[in-house]
Amino acid sequence: MTGPVVRLRGLSKLYGDFTALDRVDLDVADGEILALLGPNGAGKTTLISIVAGLTRASAGEATVLGRDVVRDYRFTRRAVGLVPQEVNFDPFFTVEEALHFQAGYFGVRLSPARLEEILEALDLAGKRHANTRSLSGGMKRRLLIGKALVHEPRVLFLDEPTAGVDVRLRQQLWAYVRRLRARGTTIVLTTHYLEEAEELADRVAVIDRGRILLVEGKDRLMERQGGKTLRISLGAPIAVLPDGLARLGARLEEDGSAIDVDAPPGGSFGPALAAVATAGLPVGDVETRRARLEDVFVSILGSEGGAAP
Amino acid sequence: MNGLGVRTLFSKEMRRFLRVPGQTLLSPLITTSLYFLVFGWSLGSRIQEVDGVPYARFILPGLVMLGVVTNSYLNSASSLFVMKLQGTVVDVLVSPLSYAEILGAFVAAAVARGMLVGGIMWLVGALFTGFGVAHPLLALLLLVGVAAGFAALGFLTATWAGSFEQVNFLPTFVVTPLTFLGGVFYSASMAPPALRWLTRANPIYYLVEALRWSVLGRADPPPTAGFAVAAALAVGALLVAYAVLRSGWKLRG
């Protein structure tokens, strides 16, 4: 597969006067994890719902593996797995039955080996005969992932997969997502947990008010948008910044007890450390802080006049 | 065609109602037995015959029709509504099942439940009144058509409904009154003029009478009227349900 797995062109969705998606263009490459990042109501769920067939676009085109999601829905839906944001369960059936039914809807007979693999991977083997109603919230969420994977989709959409999930389960889910990617599954992840995108994503698409503001490799984005900051904690506060440091753009913080210096992209902190030594300042501690995706995200939304995350 | 998908959805729908037999099979059986006991047995001993047929045997086709109508409607209505409520309707909507396949599986399972309940009711009633059926194949055909029509109506209602109260609107305010005023317990020719007029204006009356003809071999209006109503109901309701499902109304954004 050389082209994008998912390709969106001019995709729009209107609900009456409200524009949920506004002429979105986006490509998702084969085998990548793309994080779709945006505040609540930005259009993330609408976007993936259109690709998965849950919602119809008002205009534009969405293709999966080169086939239109409306005209060739049987083909595209077999290629797509969706883990919806809202936890759902059918109180009449067991975990195993739920997985068998979901596979059947996709025209797939779930082999015992594949069933076992999914149950093991999602830590549900001990609950296979339990009624889905009796599962904990975390188990229900894992079952959703299992149901989305029964037909071995080429691309998996995870809509806020760890919303309301505890730290241990979050780590487990992240590990499982990485394993899926390692096996060649393309993953699109919507989240407003920036830590999640930072942890998992190869690329980040920032969406706000239905518009894609930016799509970029996560590392490159953080490199470009947010460099490193050096913080020098002083043994005693100072009132005036020495000239050598002021020329490097340093700032006095913490009532003169600390100095922050931003490193220029690709540059080093050597000149700043030399200026501190030249000025003879009493250094208590030195630490560097790399800008987190959260800072980048806030700066992008801020520059576009968007909402806070 | 996604044959395995249709079979799976049908099988899931069947298992759903078979898993709660007390509610889906036993409950209508008890209700019918009570009708039979009160109207057939106790009143029947005084009424003796209606149109030359023992009263208990006269009311049996109408009771079976009531059971088939109610259960086929409730199966698709409650199943789809619970799926909407629980969010599991998403599981079907993201699958490669076509609209016709989804509707077909829902309706087939609802027809199966209606026929199963109707069959059990007929067996119980026949123990008291005799097993003879004048036109068994036509009786089956009629009941399947009626069940399919009401299953499609149930599907439509659940698509529209926002609460259980709305799901129960049709059986409570439409089907039950029409059935009671549809000649289940009386012959229109014996009724006072106002009730006779009301009965003959009621489409369910023609369904009940067509089944009565199929079972007893005689009825008041010509049975073709009932078969025509059943065919129109089945075709009309299925077409509207298909069009609504295809439009995405209330199910797809």
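Modeller: Strands (E, at least two residues) and helices (H or I, at least four) are DSSP runs, numbered from the N terminus. This is a predicted model, where local features need pLDDT of at least 70 and side-chain atom pairs count only at pLDDT 80 or more, while totals for chains, interfaces and linings use all residues. Residues are numbered from 1 along each chain as its sequence is written, and chains are lettered from A and ligands numbered from 1 in the order in which they are written.

Biologist: What is the strand order in the open sheet of six strands in chain A?

Modeller: The pairing in this open sheet is mixed, and the order is β6-β7-β8-β3-β9-β10 of chain A. From one strand to the next, the twist averages 15 degrees. β6 (80-83) and β10 (211-217) of chain A each pair on one side only, and that makes the edge strands β6(A) and β10(A).

Biologist: At what angle to β7(A) does helix α1 of chain A run?

Modeller: Helix α1 (residues 44-52) of chain A lies across β3, β6, β7 (155-159), β8 (186-191) and β9 of chain A. Axes here are lines fitted to C-alpha atoms, for helices over the stretch in contact (C-beta atoms, placed from the backbone, within 7 Å), and angles run from 0 to 180 degrees between N-to-C directions. Relative to β7(A), the helix runs at about 145 degrees.

Biologist: How far apart are the end C-alpha atoms of helix α6 of chain A?

Modeller: The expected span of a helix is 1.5 Å times one less than its number of residues. Helix α6 (residues 167-182) of chain A has 16 residues, so it should span 22 Å. The model agrees with that, its end C-alpha atoms being 23 Å apart.

Biologist: Is A:Glu152 buried or partly exposed?

Modeller: A:Glu152 is in the loop between α5 (137-149) and β7 of chain A, and its phi is near 50 degrees, a positive value in a residue other than glycine. A residue is buried if 20 or more other C-beta atoms, placed from the backbone, lie within 10 Å of its own, exposed if 12 or fewer, and partly exposed in between. A:Glu152 has 15 such atoms within 10 Å, so it is partly exposed.

Biologist: And B:Arg57: is that buried or exposed?

Modeller: B:Arg57 is in helix α4 (residues 55-86) of chain B. Beyond its neighbours within four places in sequence, B:Arg57 is in contact with B:Thr129, B:Gly130 and B:Leu216. Because B:Arg57 has 21 C-beta neighbours inside 10 Å, it counts as buried.

Biologist: Which element gives the most to the side of chain B that touches chain A?

Modeller: The contact takes 25 residues from chain A and 22 residues from chain B. On the chain B side, α1 (3-18) and α5 (89-93) of chain B are the elements that give two or more residues. With six residues, the one that gives the most is α1(B).

Key
Two residues are in contact if their C-beta atoms, placed from the backbone, lie within 7 Å. Two strands pair if DSSP finds at least two bridges between them.
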